[in-house]
Structure formats: C-alpha cells, structure tokens
Amino acid sequence: MFRLGLTVAFCALLLDRVSKWWIMEVVELPKIQMVQILPIFNLQWVENRGVSFGLLSADGDLGRWALVVLTALIAIGLGIWLKTVQTRLLAIAIGLVIGGAIGNIYDRTVFGYVADFLQFHLGDWSFAVFNVADSCITVGALLLIWDTFLGPGSKKEASNKKQSDQTKV
Amino acid sequence: MRNKLLLTAMMLGIAGTLAACSNREGPDEFAVLKNPPLVMPPDYHLRPPGDESDVRGAYTPQEIAKRALFGSPDS
C-alpha cells in the first residue's frame, strides 16, 4: 500500500509539473496573462504567494520559507501516515495529497510563488484560480473525508458501537 | 462521531494549507495614489533642465495614463 501511495504521489507530482511547465514555457501564460478557452473557462495567470484562496499571503522571504517548511512538515506527516495505511482508497487519497503538496512546495522553493492558471467563471463571478496540484489535494482530501464517514473502518466502528449499545441495554 | 468531525476539520485545514489557489482580485479599490518618495535634495542649487522629463509633474493617475498613452507633452 505504501508503494501504491508513493506511485500515486509521483504521478500527481509529474502531472502537476508537466502542466505548469507547459503553461509557463509553451503557452507562455506569464507574458500573455489570460487566454479564453470556453465562455466559462479561462487560462488566467496568477502568482500565489499565500495558501488557498490567496489567504495568508506571505510577502517576503521569511513568509515564503515558513510556508515551505510548514507544508513540507505536513507532507512528511502524511508520508508517515501512509506507511501505516491498509486500504487502497486511503493510500490513493494520501498519495494524491502528498503529490499535490510537493508540486506546490516545488513552485514555492524554485519560483517563490505558486503558479495558478485554471479559472472557471460564470460571467463576472469567478471560482478561485487553481492548478493541477490543488485539484489533486482537493480530491485526495475529499476521498479521505469520504473514507472517514463511509469507508470500511467507519462501518466496523459503527457496528462495534451498536453492539456495545446492545450489551448496555 | 466527534472524532470524525475533528478529523474532517483537520483534513480540510491541511488541504487548505497545502493547496494554493488564488482569488482573482479585481482592481484594488484600496490602492493609494503613489507619490514619489520624500527625499532630501542632493544639493540646493538649481539643477540643469531636461532631467526626468518623462516623470516630472506626472503625479495623478490621469496624467500618468495620458503620458503612457501619448508620451510626455514636450517630446
């Protein structure tokens, strides 16, 4: 399971790197800033120096490295968790989160900002601009939450609880 | 159940920290007009004319925009 998780993480990281490289070097989005693809979908160049939704924007080197260290610690923690994981779903979920995290850490370390470029919008209202790593992290986290409530572990726990309730009665 | 909610909250927090999506902000309505910095003049004598002709007098956004579009008035 550990290897499965690592493979998923590596694939997520690779996808993220390739997409960012393509956007920066082939499309050259930093120069042209925005391309409209569909009426509801743009490629929009944003350099994010904070965390999600542009929160905690860390101007300056101290904030940047603090974020790098913090996110790296979380990624290592997730890696340790991954080692103990038994189910396939959990391994994939954690792998996705780790891969995405490393993708964003790479950006922060090398460029000093995270490249965001996918923008969905309806008219003037726009959903946050994100990248492939963000998608991986989000999907991974949703899978983790799914597993918490509906995974095999949760059922066992629920049935245990039922049994203990019955024995109490 | 409480554990699960706690775990979920933690998961969301971690995901929020790791992800780096941006809100595309429009024009910054709190932006303040930038004035040239206040500095002591290097010397108090008259300076030769012709220096800094492209920024001289351009203190308002209108003036800066005009010069960006049409060039400075004396060139």
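Predicted model: local features only at pLDDT ≥ 70, side-chain atom pairs only at ≥ 80, totals over all residues.

Student: Good to know. How many helices and strands does chain A have?
Tutor: Chain A has 6 helices and 4 strands. Along the sequence they follow the pattern α-α-β-β-α-α-β-β-α-α.

Student: And what is the secondary structure of chain B?
Tutor: Chain B has 2 helices and 0 strands.

Student: Let's do the strands. How do S1(A) and S2(A) run relative to each other, parallel or antiparallel?
Tutor: Antiparallel: S1 (residues 34–38) of chain A is joined to S2(A) by 4 bridges. The two are linked by a hairpin through 2 residues.

Student: Which residue is the bridge partner of Asn42(A) in S3(A)?
Tutor: That is Gln119(A). S2 (residues 41–48) of chain A pairs with S3(A) over 6 bridges, in the antiparallel sense. Another opposite pair is Glu47(A) with Ala115(A) in S3(A).

Student: And where does S4(A) come in?
Tutor: S4 (residues 125–126) of chain A pairs with S3(A), antiparallel, over 2 bridges. His121(A) has Ser126(A) as its bridge partner there. The hairpin of S3(A) and S4(A) has 2 residues between the strands, and Gly123(A) in that hairpin takes a positive phi near 60°.

Student: Why is S2(A) described as largely enclosed?
Tutor: Because 7 of its 8 residues are buried, S2(A) is largely enclosed by the rest of the structure. S3 (residues 114–122) of chain A is mostly covered, with 7 of its 9 residues buried.

Student: Can we zoom in on Leu43(A)? Is Leu43(A) buried or exposed?
Tutor: Leu43(A) sits in strand S2 of chain A. Its relative accessible area is 7%, so Leu43(A) falls in the buried class, for which the cut-off is under 20%.

Student: What does Leu43(A) touch, beyond its neighbours within four places in sequence?
Tutor: The contacts of Leu43(A) are Ile23(A), Leu29(A), Gln33(A), Met34(A), Val35(A), Ile37(A), Phe117(A) and Leu118(A). Also, the C-alpha atoms of Leu43(A) and Gln119(A) are 6.0 Å apart, although 76 residues separate the two in sequence.

Student: Nice. How much of the contact set in chain A comes from residues 24 or more positions apart?
Tutor: Counting contacts with a separation of 6 or more, 64% of those in chain A are between residues 24 or more positions apart.

Student: Switching to helices: what is H4(A) like?
Tutor: H4 (residues 88–110) of chain A has 23 residues and reaches 33 Å from its first C-alpha to its last, close to the 33 Å expected. At its start, a side-chain oxygen of Thr87(A) comes to within 3.4 Å of the backbone nitrogen of Leu90(A). Just after H4(A), Gly112(A) has a positive phi of about 90°.

Student: Which residues have the most contacts inside the largest nonpolar core?
Tutor: That core has 21 residues, and those with the most contacts inside it are Leu78(A), Ile94(A), Val97(A), Ile98(A), Ile137(A), Leu144(A) and Leu18(B). The elements giving it two or more residues are H3 (61–84), H4 and H5 (132–150) of chain A, together with H1 (2–18) of chain B. H4(A) gives the most, with 7 residues.

Student: What are the contacts of Ile94(A)?
Tutor: Not counting residues up to four places away in sequence, Ile94(A) touches Leu78(A), Trp81(A), Leu82(A), Val85(A) and Leu144(A). There is also a second, separate core of 13 residues, which includes Trp45(A), Ala115(A), Ala128(A) and Cys21(B).

Student: Last one: what is the side chain of Thr148(A) doing?
Tutor: A polar atom of that side chain lies 2.7 Å from the backbone oxygen of Leu144(A). Thr148(A) is in helix H5 of chain A, and it counts as buried at 10% relative accessibility.

Conventions:
Residues numbered from 1 in each chain as written. Chains lettered and ligands numbered in written order. Heavy atoms only, no water. Buried < 20%, exposed > 50% of the residue type's maximum accessible area, 1.4 Å probe, protein only. Pairing = 2+ DSSP bridges. Expected span 1.5 Å × (residues − 1). Polar contact = N/O pair within 3.5 Å; in protein donor to acceptor, adjacent residues only side chain to side chain. Contact = heavy atoms within 4.5 Å. Core = buried A, V, L, I, M, F, W, Y, C linked by side-chain atoms within 4.5 Å.
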